[in-house]
Amino acid sequence: MTAERDDLLTALAIRRNFLRYTVRDLTDEQAAMRPTRSELCLGGLIKHCMSVEEDWLRFAAGGADAMSDDDEEAWANEFRMNEGETLNGLLDQYTRVADRTTELVNTLDLDTSHELPRKPWFEQGARWTVRRVLLHVLCETAQHAGHADILRESIDGAKTMG
C-alpha cells in the first residue's frame with residue numbers, strides 16, 4: 001500500500017469513527033429522532049454516508065454506469081430510519097461498506113479516472129480520479145459527522161468532541 005493510499009484510507013476511517021462515536025449508547029428511537037427543524041436523524045446520516053461511500057466506490061471501480069440511479073424518494077429515504085431498521089444493524093452495514101472500500105481501494109490505481117455522471121450539478125465531460133472520489137467521500141463523511149454532532153447534542157447534550 002502506498003503512503004498516499006494509506007493516508008486517504010486512514011483519514012476516512014477517522015471521520016467514520018467520529019460518526020460512529022457520535023451515536024454511542026443511543027437507542028433506536030433516539031437514532032431515529034429528528035431533534036431539529038431539519039429532516040435529519042442520526043441513523044439516517046449513517047445510512048446516507050454508507051450509501052454515498054458505496055455508490056462513489058462503484059463509480060471509482062466502474063465509472064458512471066456502475067452508480068445507482070436512485071429517484072428522489074430513494075434519496076430522501078437515505079436520511080431516515082425506516083421501520084425494522086436498527087442502529088446496530090446500520091452500524092454493522094457501515095462496517096461492511098468500509099471494509100469493501102478498503103479492499104477495493106487497495107486494488108485500484110488512484111490516477112484512474114472516469115467521466116462524471118450526466119447530471120446538472122456536475123460539469124459536463126469532467127472526470128474524477130479514484131483519488132478525487134476518495135477525497136469526496138472523506139469530505140461528505142466529515143460534513144455529516146458534524147451534522148451528527150449537532151443532532152446528538154440536541155437529543156441529550158452529549159458531544160463528540162469537547
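Okay, some ground rules. Residues are numbered from 1 along each chain as its sequence is written, and side-chain values use heavy atoms, with hydrogens and water left out. Since the model is predicted, local features need pLDDT of at least 70 and side-chain atom pairs count only at pLDDT 80 or more, while totals for chains, interfaces and linings use all residues.

So, salt bridges. Side chains of opposite charge can pair when their charged atoms come close. Here, that's a side-chain nitrogen of Lys or Arg within 4 Å of a carboxyl oxygen of Asp or Glu, and the count comes to nine.

Take Lys47 and Glu85: their closest N and O atoms are 3.0 Å apart. This pair links distant parts of the chain, 38 residues apart, with Lys47 in helix H3 and Glu85 in the loop between H4 (72-77) and H5. Helices, by the way, are DSSP runs (H or I, at least four residues), numbered from the N terminus. Lys47 counts as buried at 10% relative accessibility, and Glu85 as partly exposed at 26%. Buried means under 20% relative accessible area, exposed over 50%, partly exposed in between (1.4 Å probe, protein chains only).

Next, Arg152 pairs with Asp156, with 2.9 Å between the closest N and O atoms. They sit four residues apart in helix H6 (residues 130-156), so about one helical turn separates them. Arg152 is buried at 4%, but Asp156 is partly exposed at 39%.

Oh, and Glu4, Asp111 and Arg131 are linked in a salt-bridge network.

Technical notes:
Helix = DSSP H or I, 4+ residues; strand = E, 2+ residues; numbered from the N terminus.
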